[in-house]
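The exercises below are meant to be worked with the sequence and the model open side by side.

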Amino acid sequence: MPQSFRPPLQAADSFEDPRLLRLPNGVEVVSLNQEQAPLVCLDFWCRAGSAGEGPDQAGMAHFLEHMVFKGSERLEAGEFDRRVESLGGSSNAATGFDDVHFHVLVPPEGVAEALDLLLDLVLKPRLDPGDFQMERQVVLEELAQSEDQPEEVAFQRLLSLACPQHPYGRPILGDRSALKAQNPERMAAFHRNSYRPRRCSLALAGAIDGLVLDDLLAGSALADLEPVPSSALPGALPPPAGPDLALRPGVHELRLPRLEAARLLMAWQLPAAADLEAVAGADLLTSLMAEGRRSRLVQRLREDRRLVESVDLDLNVLEAGSLALLEAVCAPEQVAAVEEQIAEVWRELCCTPPAESELERARRLVANGYRFGLESASSVAGLIGHQCLWGRLQPLRHPLELLQRWSVERLGAELLPLLAPERACRLLALPA
Amino acid sequence: MSSTTTTTLPPLPQPERFQLPGGCPVSVLRRGGPAILSARLWIRGGSAADPPGQRGRSQLLAGLLSRGCGELSGDQLADLVEGLGDDLRCEASEDALVISLKCASDDAPTLLPLLEAMVQRPWLDPDQISLERQLNLQTLARLREDPFQQAHDLLQSHLYGQGPYGHDPLGVEEELAGLDRSRLLEAAADLGGQGAALVLVGRPPRDLEQLLHPADAPIWTARPPLALPGQQGEASPALVREEQDTEQLVLLLGASTVPLGDPRSLALRLLQCHLGVGMSSRLFVALREEHGLAYDVGVHAPARCGASPFVFHLSSSAERATEATRELLSEWQRLLDQPLSESELALALAKFRGASAAGRQTCGQIASRQAMVLGHGLGWSYADDALRRAGSLDPATLHAVARQLLGRPSLSLCGPPQALNAAAQVWGAHPLGRSSPEQGVS
């Protein structure tokens with residue numbers, strides 16, 4: 001069937017652009033109305049990921065995320081959950097290397113109350129010593145649960161080998177001894193230092209037509225945050241925590257009990273999150289290589305040679321340097337062949353640039369993935385809140401436009417060399 | 001104590017409806033937002049319809065429908081769909097084989113005709129069968145790495161035995177390995193015979209009927225789904241366990257109950273909201289917040305055409321096995337012993353409404369939910385009717401349903417030997433476990 005060339009932007013796409021509101025203390029609030037949305041998502045973002053932890057703070061950022069839900073000066077433990085859920089809402093949070101976010105999904109009529117509750121909870125956590133002991137148990141259970149998944153153990157090992165001198169090499173969950181050594185006072189200090197203007201943002205997305213944000217935020221815990229003196233942080237937003245990433249290439253092997261299939265894991269370093277255009281290119285290249293049955297790696301390893309059960313190549317966009325993570329699941333005796341074919345696919349791409357239609361395929365996969373993600377309030381709030389946090393707020397159509405700036409030749413010259421096999425940190429995990 | 005606001009979710013609008021020439025009902029819901037279209041074709045069958053000795057047949061067939069159909073080889077079909085940047089897949093669940101399409105609206109005229117080709121003219125090419133079968137076998141083996149999966153497999157095998165819900169849709173290794181083209185041809189010929197429903201949500205193209213049934217295509221005989229009785233669960237209470245050298249002990253405590261279409265399923269759904277939805281839920285508060293016993297705890301209660309499972313799940317450090325088992329059993333016992341308070345019921349209702357709203361955010365969510373409801377032989381407005389009916393249920397009714405359907409649960413365990421023994425002791429001494437035989441010790 002013939003396929004006409006059309007740019008990934010479609011005439012029917014009409015994107016409103018996010019609106020930015022700057023509070024007097026410097027905190028930025030971004031919002032976007034979505035027609036059709038039945039709910040509103042409130043998403044509070046803070047640059048308090050695990051990369052900002054000091055030497056004796058391993059696991060603190062994530063543990064704090066748990067403790068936040070144990071109540072504030074004003075809210076009893078459990079009261080936040082009960083009240084938000086009584087509104088027909090739900091909430092959750094996630095801690096990453098670079099940042100953490102807390103989000104609430106509520107019906108429009110519950111926004112004022114939910115916003116007040118969320119900001120109070122996140123900005124004035126109670127950190128009660130009794131709750132601290134109990135919640136540490138929960139975090140230790142979370143750690144045990146992840147250690148019972150051999151695949152997660154293998155990925156964690158890969159990161160520690162690839163980023164030995166960098167916070168990205170340390171588990172976000174921390175380790176048992178560090179967790180046991182922590183106390184509420186140190187956690188309070190960590191919170192004070194991190195949860196400040198210009199280190200946090202708030203996003204609202206969904207059915208927010210008619211909401212007057214200024215009124216909602218006046219007198220909130222967010223508006224009450226002490227402004228950071230401009231002398232302390234001259235110029236633009238503060239830089240990300242931690243040093244630049246310098247991934248260490250290498251070849252490693254690991255035997256794991258309870259592993260049924262071998263895993264070949266590889267990590268490469270790619271441009272950091274701030275380089276939006278390069279990230280768009282990296283998205284294209286990883287999609288061209290491993291998204292869909294007709295991508296290079298899936299076609300070769302799974303469909304043609306039938307060496308693997310699956311092969312994935314994920315782009316993890318990070319502030320100190322992004323990571324491309326490859327996972328091939330295969331029988332232990334196929335590992336050498338799998339590795340050889342991965343190198344072969346890379347060499348072929350270097351020698352013979354892919355056809356324009358192959359790049360166009362990747363462009364459309366990336367563009368549609370993005371477009372599909374704009375449907376729900378949660379994904380939109382996550383997108384604009386994160387952009388705002390890192391000073392990169394942009395029109396919604398901008399990522400689609402960036403995709404057009406990459407040609408086959410440019411990908412080959414600028415990004416493909418970064419995925420050379422010898423630049424990878426490789427870990428082979430085999431059943432013990 | 002906060003009050004519970006009664007929020008109103010606007011009812012889902014009625015769809016435009018028509019039938020394909022062979023009888024399959026089509027529902028179309030137009031929606032604004034991004035220019036996309038989501039489609040679900042729900043075909044009754046699924047792994048529950050795998051014949052004896054052929055467990056895994058439905059999923060194997062599902063995987064093959066996009067590996068060549070109509071005029072397109074598997075590669076050509078993938079080139080077409082992926083070349084447009086869209087997504088077309090088919091998977092089997094317990095009750096159905098479901099084809100999902102998600103695409104930019106502009107691409108819909110090119111892709112919608114593929115639905116007809118997939119269900120009526122799959123190639124079932126021997127080489128592709130061999131590949132897909134191999135991939136499913138590999139996935140089955142890999143799933144054994146997950147202790148939750150192991151406990152889950154044990155429990156469903158006990159609750160449903162050799163019957164339809166007793167196995168994972170991926171199948172059973174020795175039977176899957178023996179499935180060949182002739183078996184798949186039989187399965188393909190049956191598609192639609194037990195009922196099917198197609199739902200499209202988003203911005204559909206013009207000339208929809210023609211796209212879904214091209215002029216030269218044969219007629220696909222697929223009747224509208226009926227509320228047929230599904231698989232029954234018959235198990236008596238038992239302890240089943242699997243030994244693994246893990247940090248945690250996984251505990252699943254559950255029973256088989258009733259189909260989605262049974263009036264009592266709504267009471268079970270509210271009990272699930274009370275027990276396992278959100279951080280204010282009973283299990284979360286009692287086991288995680290008050291005892292720090294687990295990170296992950298909740299209720300697994302998928303909607304089924306037959307006897308749906310209703311399962312508490314918890315994983316806790318092996319050395320805390322005794323306490324974890326005791327607390328989990330006492331939460332189940334509490335459900336049987338005392339009705340919810342009025343405020344607990346009000347909170348459960350708020351969660352039910354909230355979850356319904358959260359499940360209507362994207363075209364894909366709506367298409368998926370509505371196709372499932374229609375596939376069960378229930379009406380388009382089932383979800384809105386359920387929201388209304390839920391408001392009139394009282395604690396006594398919920399309690400009666402709990403006593404009627406949840407009185408005899410079974411316990412499934414996966415973990416290290418000492419923890420298994422500790423948990424088994426607690427089970428044996430508890431009213432729920434006393435006198436129940438132990439089965440399948442490994």
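**Exercise 1.** How many Å separate the centres of domain 1 of chain B and domain 2 of chain B, taken over C-alpha atoms?

Solution. Keep in mind throughout that this is a predicted model. Begin with the division of chain B, in which domain 1 covers 16-146 + 157-212 and domain 2 covers 239-439. Taken over C-alpha atoms, the centres of these two domains of chain B are 30 Å apart. Turn next to the contact itself, to which domain 1 of chain B contributes 25 residues and domain 2 of chain B contributes 20 residues. On the domain 1 side, two or more residues each come from strand 2 (25-30), strand 3 (36-44), strand 7 (96-104), helix 6 (147-160) and strand 8 (196-202) of chain B, and strand 3 of chain B gives the most, with seven residues. Sorted by class, this side of domain 1 of chain B holds 14 nonpolar, five polar and six charged residues.

**Exercise 2.** Is strand 8 of chain B mostly covered or mostly open, and which strands does it join?

Solution. Count the burial of strand 8 of chain B to start with: seven of its seven residues are buried. Then separate its faces, bearing in mind that side chains in a regular strand alternate between the two faces of the sheet. On one side lie A196(B), L198(B), L200(B) and G202(B), on the other A197(B), V199(B) and V201(B), and all of them are buried. Finally, look for the partners of strand 8 of chain B. Strand 2 of chain B runs parallel to it and is joined to it by five bridges, with S27(B) standing opposite V199(B). Strand 3 of chain B is antiparallel to strand 8 of chain B and is joined to it by seven bridges, with A39(B) standing opposite L200(B).

**Exercise 3.** What radius of gyration does chain B have, and what would a compact globule with 442 residues have?

Solution. For 442 residues, a compact globule would have a radius of gyration near 22 Å, and the 23 Å of chain B agrees with this. The C-alpha atoms of chain B fill a box of roughly 70 × 50 × 35 Å along the principal axes, and buried residues make up 56% of the chain. Chain B has 17 helices and 14 strands.

**Exercise 4.** How many residues of chain B are in contact with chain A?

Solution. The contact brings together 64 residues of chain B and 61 residues of chain A. Among the elements of chain B that each supply at least two residues to this side are helix 2 (74-83), helix 5 (126-143) and helix 13 (342-358). By class, the side of chain B that touches chain A has 21 nonpolar, 24 polar and 19 charged residues.

**Exercise 5.** Which strands of chain A stand at the edges of the open sheet of five strands?

Solution. Write down the strand order of this chain A sheet, which is 7-11-8-10-9 with mixed pairing. Strand 7 (250-256) and strand 9 (308-316) of chain A are at the edges and have a single partner strand each, so one side of each is left without a neighbour in the sheet. Strand 7 of chain A runs parallel to strand 11 (residues 425-431) of chain A, to which seven bridges join it, and V251(A) stands opposite R426(A). Helix 9 (residues 276-290) of chain A lies across strand 8 (262-270), strand 9 and strand 10 (322-330) of chain A, at about 175 degrees to strand 9 of chain A.

Definitions and conventions. Residues are numbered from 1 along each chain as its sequence is written. Chains are lettered from A and ligands numbered from 1 in the order in which they are written. This is a predicted model: local features need pLDDT of at least 70, side-chain atom pairs count only at pLDDT 80 or more; totals for chains, interfaces and linings use all residues. Domain bounds come from an automatic or database domain assignment. Two residues are in contact if their C-beta atoms, placed from the backbone, lie within 7 Å. Helices (H or I, at least four residues) and strands (E, at least two) are DSSP runs, numbered from the N terminus. Ala, Val, Leu, Ile, Met, Phe, Trp, Tyr, Cys and Pro count as nonpolar, Asp, Glu, Lys and Arg as charged, and the others, Gly among them, as polar. The radius of gyration is taken over C-alpha atoms; the globule rule is 2.2 Å times the number of residues to the power 0.38. A residue is buried if 20 or more other C-beta atoms lie within 10 Å of its own, exposed if 12 or fewer, and partly exposed in between; C-beta atoms are placed from the backbone. Two strands pair if DSSP finds at least two bridges between them. Axes are lines fitted to C-alpha atoms, for helices over the stretch in contact, and angles run from 0 to 180 degrees between N-to-C directions.
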